[in-house]
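Visitor: I have the sequence and the coordinates open. Could you take me through some of the contacts and pockets?

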Amino acid sequence: MLLSDTLTPACRGQLGNMISPLSLSPSFSSRPLRYAVLGAGFAGLSVTWHLLKKSPKEKEMRIDIYDEVGIGGGASGISGGLLHPYSPKAKLLWRGAECWKESLMLLNVAEAAAGLSGVVDSDDSFIVRRRGILRPAVNTKNLNVLTDNAQNCDASCRIETIDEDTAQKLVPNIHVPFNSAFYMPEAVNVHPLRYLQALFLACQDVVNESSTSSHGQKELYLLKKSVQSLLELEGEYDAVIICLGAKADMLPELSGRLPLRTCRGVIAHLQLPANIREEYPVYAPSILSDAWLAVQGSRSLYMGSTWEWKSRNSNPNVSMDEASRALQELLPKISAFYPAIRDWTFTKANAGLRAMPPLTAHGSLPLLGCVNNFVGENVAGTYWLFGGLGSRGLLYHAWLGKFDGAGCYFL
């Protein structure tokens, strides 16, 4: 991140040198801090958590989260939840090791807040399903690339090369075309909506703890309303952090000015009918390939995802025609490695609008930056954008939601 108001990909940042809102007003140190966080998805709740945890203990603070739907109402809440630090070619992503570590930390925070620490996950209550992820090779070129890159995996999220017999011990009846699959035993499957709800509980716990201490009081409010223009908030907050994903481009001050590509994705929920006795094993991993299966339980899973580029449709509801097209696209990809998917029954579909960032030499990276120059001259307070997390929001949100050498780049 550069010191100018120019928005830049995160990888080019000098995050430790960011301008601090603390220096904007001589009276700032003597009054409560006021922050607005726009969006209650992965980015917004990570930012909220770190603002509460990393702010000076003696400072009073109020954070207002704006989201017209509520916690996890956008693309974050219906994402697949497959968490690992690798690209589709099994290369460690930019800052993958740090982001992986921080995401696991926030998952633990959420589980603790929900009272699930150390509890064996069950079908109806898990936040994190710790069964690993299996990736079958789909063609010879894919096999060679995955084999080479797997040798340079991060030790905290291993990639093991296994044959078909070993793969079938993990997932009975799985088809491994080239007798080779890649297993990430430490990778996890997150239930996004439960995770976000639990992370919000963790934020509320921090606020409650402050009420019983002698330090500065913290306040947190979830406002189920949309912000139509950033200037609506001008003068009310010391900083406004925009974490709206694709909807950030719908704000008049930012529309057409962000280097984001939009992509609508449909995810289908499938269940195993009662007359089918052979369940998906409780110990078996989720599966990732040209399409993916995010296992929710022995008789429930999510299948995804389609990619409709340049869509502006952020409606989570999916018509029967759109669902049918998604099934026609996804089922052949899934059945290529898991033929038993044909026994499962479609129950519903949801969709989310991803905000995909531009490609850089380091891959597709989220955007972080000050956007005051887009909002207007001499505006009161500071306006920040944290967006463009694309399909890797679950990996990037925790580390980038807090980063600066001092703890949080908004402070």
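Visitor: Which elements each supply at least two residues of the lining of the second largest pocket?

Guide: This is a predicted model. The second largest pocket has a volume of about 300 Å³. Its lining counts 20 residues, and those closest to the centre are G77, I78, L193, Y302 and N350. The elements that each give at least two residues to this lining are α5 (192–211), β12 (261–271) and β17 (345–356).

Visitor: Is S311 buried or exposed?

Guide: S311 belongs to the loop between β16 (308–309) and α6 (320–335). Not counting residues up to four places away in sequence, S311 touches T262, R264 and L353. The cut-off for buried is under 20% relative accessible area. S311 has 7% relative accessibility, so it counts as buried.

Visitor: Which residue has its backbone nitrogen 3.1 Å from a polar atom of the side chain of S311?

Guide: Polar contacts here are pairs of N or O atoms within 3.5 Å. At 3.1 Å from a polar atom of the S311 side chain lies the backbone nitrogen of N313.

Visitor: With which side chain does the side chain of E186 make a polar contact?

Guide: E186 sits in the loop between β8 (181–184) and β9 (188–190), and at 26% relative accessibility it counts as partly exposed. Leaving aside neighbours within four places in sequence, E186 is in contact with W100, S156, C157 and R158. Among these, the polar contact between side chains, at 2.6 Å, is with R158.

Visitor: How many residues apart in sequence are E186 and G132?

Guide: In space, the C-alpha atoms of E186 and G132 are 5.4 Å apart. Along the sequence, the separation of E186 and G132 is 54 residues.

Visitor: Is the aromatic pair of Y66 and Y237 stacked or edge-to-face?

Guide: A search of the whole structure finds 6 aromatic pairs. For Y66 and Y237, the ring centres are 6.4 Å apart and the planes are at 85°. Planes over 60 degrees apart count as edge-to-face, so the pair of Y66 and Y237 is edge-to-face.

Visitor: How many residues apart are the two members of that pair, Y66 and Y237?

Guide: Y66 is buried, with a relative accessible area of 7%, and Y237 is buried at 6%. Y66 is in strand β3 (residues 61–66), while Y237 is in the loop between β10 (218–223) and β11 (239–242). The pair links distant parts of the chain, and the separation is 171 residues.

Visitor: How many residues of α8 are buried?

Guide: The buried residues of α8 include Y396, H397 and W399. The helix α8 is largely enclosed by the rest of the structure, because its buried residues number 8 of 8.

Visitor: Over which ring does the charged end of R354 sit?

Guide: Charged ends sit over rings at two places described here. The charged end of R194 is over the ring of F126, 5.4 Å from its centre. For R354, the distance to the ring centre is 3.9 Å, and the ring is that of W307.

Terms used
Residues numbered from 1 in each chain as written. Predicted model: local features only at pLDDT ≥ 70, side-chain atom pairs only at ≥ 80, totals over all residues. Heavy atoms only, no water. Helix = DSSP H or I, 4+ residues; strand = E, 2+ residues; numbered from the N terminus. Buried < 20%, exposed > 50% of the residue type's maximum accessible area, 1.4 Å probe, protein only. Contact = heavy atoms within 4.5 Å. Polar contact = N/O pair within 3.5 Å; in protein donor to acceptor, adjacent residues only side chain to side chain. Phe/Tyr/Trp six-rings, centres within 6.5 Å; stacked < 30°, edge-to-face > 60°. Lys NZ or Arg CZ within 6 Å of the ring centre and 35° of its normal. 1 Å grid on protein atoms, 1.4 Å probe; cavity = no way out; pocket = protein on both sides within 12 Å on 5 of 7 lines; lining within 4 Å. Points joined across faces, edges and corners; volume = space filled by probe spheres on them.
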